[in-house]
Amino acid sequence: MKNNLIKATLAFSVIAFFGACKPKTASDAVTGNAAQKVYVAPGEHDEFYSFTSGGFSGQVSVYGIPSGRLLKVLPVFSQDPETGYGYGEDTKPMLNTSHGFVPWGDQHHLAVSQTNGEYDGRWLFANENNTPRVARLDLTTFTTTEIIEIPNSAGNHSSPFVTDNTEYVVAGTRFSVPFEDVNGDIPISTYAENFSGAITFIKVDPETGKMGIDFQLKTPPVNYDLSRTGKGASSGWFFFSTYNTEKAHTLLEVNASQNDKDFILAVNWKKISEMVKEGKGRKVKAKYAHNVYDHNSHSATSTILDEVHVLDIEDLEGVAYYIPCPKSPHGADVDPSGEYIVGSGKLASLIPVFSFSKMMKAIEEKKFDGDFDGIPVLNYETVLHGEVQKPGLGPLHTEFDANGNAYTSFFVSSEVVKWNVKTLEVVDRQPTYYSTGHLTVAGGNTKNPYGKYLVAWNKITKDRYLPTGPELAQSAQLFDITGEKMELLLDFPTIGEPHYAQIVPASLIVDKQKRIYDINANTHKHVVKNEDDTRVVRNGNRVDVYMTLIRTHITPDNIEGIRMGDEVYFHITNLEQDWDLPHGFAVMGNNNSEVLILPGETRTMKWVPTKVGIIPMYCTDFCSALHQEMQGYIRVSPAGSNTPLRYGTGDKAPKAE
Amino acid sequence: MKTAKTSLHPITRIVVGIAGAVMFIALFVPIWQIQLTAPQYPEGLELFIHADKLSGDVQIINGLNNYIGMKEINEKDFIEFSVLPYIIVALGLIGLLTAAVNRRGLYLFWVIFFALFGIVTIIRFYLWLYDYGHNLDPTAPIQVPGMSYQPPMLGYKQLLNFGAYSIPAIGGWAMFAAVGLAIWGLILEFKFKKK
């Protein structure tokens, strides 16, 4: 009996002991004063803006750091029925492409414009991964102001990345495809012979920000993943991670993971830009759209361009070199000094760090290991600064602080690892929840990082927040990186799927913000600046309604004489000039979304009447104490009827005959 | 021949000169201001009255007043704006002139002119504020029986969700300074006379 009791007690103790040895949970990882560090009191503002990519939502989201609060979702590549972006006549041209109107996009990466290697807060560039495009957002209005399509590309992943003075926005293709001037109707298995990679350099006008493709580099058929500009010592160069040097076209999971080393492509864009000016290269016929939105005319125009300037990279001397990099690299990141280039090989067990000065020396001394399709391959050891050993599993992407530290994201081992760039020693590692993809350090891709905060953008959410059915929002963690060890502060869900972000001090942007659009600067084709100028005009089956909105009435709010078979265009001007006073507009049963009109703006909304009778219209955005009274009626008569066209508000409303 | 009786106390002379000069300030900067606060206007609203115009958030204030039936504030409706600059210039010049010619008569004329100007202005301002706050559009959306919205002439008053502060602006302070100087000069004059 005693023996059994002893056994039982022993067994119980063993079980209890192992039970108590459960690994630390997330709540244990956060220290006491984390809450204070992320609490932004009511009425106070966050310190930083985080412009965060929306991934498969197609939009860009704006978060406040350190509170992690969602400030706004900016429509870029997907239609937005809330504002009418991509639905209203003025913004539909923004989503035009050489394939026609595309209502959705896959938004991966973002780049804030730079001057002298630092953020200048003028524009935000965003890429579209599916139908290759680059967008430019105006940071005085937080709106998409220009979109340019990229020809000869497919899967615009290695994009957008700016040169250190925003001379160019660079876009590399993910999928190599046949260029548009060759017959594309060829067997897929001829990938290695007939497909080409494209790296596009989009020139940015320093005054207006207007984009135009200056030239494209036609390269061997590999996949481009990410890239970074050189800075400081390496200014004038650009570094692209490439993978699938195996030139596989099927089952890339296996076939593109065979080679021990792929490459980082180093390109001297400054020299190539001069070659282009001297006339090098050729014109290639390719169709692509260029869409521009003007904030004075409040409308977009879309132009289809038909040729692009191309240079074959193997024909160029001394401007392109391959640096061998293990193994299917994702990130190619340049440290703040511009001297160190970090390659993050998704399948590698180490992080190679290359030295720019060694690279230049190797080029001078011609320390090549043969070539790859005509481009010299530098000798790995000669250009290597060193390798970070056993950092983690699956390194993806690296950013930097101002103290010589690098922060690398590890997808497979689900952690962020901090290491010293010079000594290559691991300083700290912190788990992420779960499987971080990219991370962002405030200013972490510039010459002078702000540091202070790091956000890990994760791919797996599982149990981090209250569940919301099978589909869960992506998770993000905010870390304090001011100390030796990284400190987890906050965990917050995000919209879409953030692939990357740019964290910018609010002070760089707040003072430049517009609060209204000046009605006197409005040059929209159908603007009405005075209630007396409102009118309804018929041209055959087309009816144009020139309308104004101001608290708290619609002019005209009674419209008669519309017929079945008409196409009605409402041109609506918001006459307000006060802060935060948008009006919305909707018509019952419209096969279209509403339009949201900001003070001083004009918006055109199309409506095709579907029924005979009385159709109400109203303001959809709560604008004043009498918002519920901001409404009107439209009388729709049968096709061919001769109901007279009459309109007005109040005393001017049509009276009964 | 200037006698002691028709000339001014030396300090009075300086004082009237300064008062005259200071009047000119009111030509270039606002004279009066109405500062408005409301829960939904953390940034505040303001209205500035100059010698010859209005500035500040006039349009926004007009848009809001629409609800309770107050008339729109329009520069054109104020005859003051065409006349005021001349009066101010006149007061300024006469002040300076008085200091130059050192004549008591002119000084007294100046003081009386200034006083009349002040009284007329205050009365006109009050009447305008009364009409503005009481003469309401009968079809206004928001109607509270018996309610009026007369803005304060000086100081603070709550008007529905708005708090209104009516206070001098720089030009107004300059004119008050001139008034103060005028009074001081007057006191000195009478004291001097007694001597």
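Two residues are in contact if their C-beta atoms, placed from the backbone, lie within 7 Å. The exercises below use that cut-off on a predicted model.

**Exercise 1. Contact range in chain B**

Task: Among contacts in chain B between residues at least 6 apart in sequence, what percentage join residues at least 24 apart?

Solution. 
- Step 1. Keep the contacts in chain B whose residues are at least 6 apart in sequence.
- Step 2. Of these, pick the contacts that join residues at least 24 apart.
- Step 3. The share is 64%.
- Step 4. Treat chain A likewise: residues 24 or more positions apart account for 62% of its contacts with a separation of 6 or more.

**Exercise 2. The build of chain B**

Solution. 
- Step 1. List the elements. Chain B has six helices and five strands. Their order from the N terminus is α-α-β-β-β-α-α-α-β-β-α.
- Step 2. Look at the box. Along the principal axes, the C-alpha atoms fill roughly 70 × 30 × 30 Å.
- Step 3. Check burial. In chain B, 23% of the 195 residues count as buried.
- Step 4. Check confidence. The average pLDDT of chain B is 86, and 95% of its residues score at least 70.

**Exercise 3. The build of chain A**

Task: What radius of gyration does chain A have, and what would a compact globule of 657 residues have?

Solution. 
- Step 1. Count elements. Chain A holds eight helices and 45 strands.
- Step 2. A compact globule with 657 residues would come near 26 Å; chain A has 29 Å, which agrees.
- Step 3. Take the extent. The C-alpha trace of chain A spans about 95 × 90 × 45 Å along its principal axes.
- Step 4. Of the 657 residues in chain A, 50% are buried.

**Exercise 4. Nonpolar cores**

Task: Which residues of the largest nonpolar core touch the most other members?

Solution. 
- Step 1. In soluble globular proteins, nonpolar side chains tend to be buried together.
- Step 2. Take the largest core, with its 118 residues. Val169(A), Ile323(A) and Leu454(A) touch the most other members.
- Step 3. Leaving out residues up to four places away in sequence, Val169(A) touches Ala111(A), Phe125(A), Val134(A), Pro160(A), Val162(A), Ile202(A), Val204(A) and Met211(A).
- Step 4. Find the second core. This separate set of 32 residues includes Val543(A), Ile572(A), Leu575(A) and Ile597(A).

**Exercise 5. Domains and chains in contact**

Task: How many residues of domain 1 of chain A are in contact with domain 2 of chain A?

Solution. 
- Step 1. The domain assignment gives domain 1 as 68-221 + 281-315 and domain 2 as 527-652 of chain A.
- Step 2. The C-alpha centres of the two domains lie 35 Å apart.
- Step 3. Count. Nine residues of domain 1 are in contact with twelve residues of domain 2.
- Step 4. Sort the domain 1 side. Two are nonpolar, four polar and three charged.
- Step 5. Turn to the chains. Six residues of chain A are in contact with six residues of chain B. The chain A side has three nonpolar, one polar and two charged residues.
- Step 6. Note the scores. The model has ipTM 0.77 and pTM 0.89.

**Exercise 6. Backbone exceptions**

Task: Where is the cis peptide bond to Tyr434(A), and what is its omega?

Solution. 
- Step 1. Most residues other than glycine have a negative phi, and most peptide bonds are trans.
- Step 2. Read the bond. From Tyr433(A) to Tyr434(A) it is cis, with omega near -5°.
- Step 3. Tyr434(A) sits in the loop between strand S29 (426-431) and strand S30 (436-441).
- Step 4. Look at Ser435(A), in the loop between S29 and S30. Its phi is near 55°, a positive value. Ser435(A) counts as buried because it has 21 C-beta neighbours inside 10 Å, and the cut-off is 20 or more.
- Step 5. Find another cis bond. Thr555(A) to Pro556(A) is cis, with omega near -5°. Pro556(A) lies in the loop between strand S37 (553-555) and strand S38 (558-563).
- Step 6. Finish with Lys247(A). Phi of Lys247(A) is near 55°. Lys247(A) belongs to the loop between strand S15 (237-243) and helix H5 (252-255). With 18 C-beta neighbours inside 10 Å, Lys247(A) counts as partly exposed.

Note on methods. Residues are numbered from 1 along each chain as its sequence is written. Chains are lettered from A and ligands numbered from 1 in the order in which they are written. This is a predicted model: local features need pLDDT of at least 70, side-chain atom pairs count only at pLDDT 80 or more; totals for chains, interfaces and linings use all residues. Domain bounds come from an automatic or database domain assignment. Ala, Val, Leu, Ile, Met, Phe, Trp, Tyr, Cys and Pro count as nonpolar, Asp, Glu, Lys and Arg as charged, and the others, Gly among them, as polar. pLDDT is the predictor's confidence in each residue, from 0 to 100. Helices (H or I, at least four residues) and strands (E, at least two) are DSSP runs, numbered from the N terminus. A residue is buried if 20 or more other C-beta atoms lie within 10 Å of its own, exposed if 12 or fewer, and partly exposed in between; C-beta atoms are placed from the backbone. The radius of gyration is taken over C-alpha atoms; the globule rule is 2.2 Å times the number of residues to the power 0.38. A nonpolar core is a set of buried Ala, Val, Leu, Ile, Met, Phe, Trp, Tyr and Cys residues joined through C-beta atoms within 7 Å.
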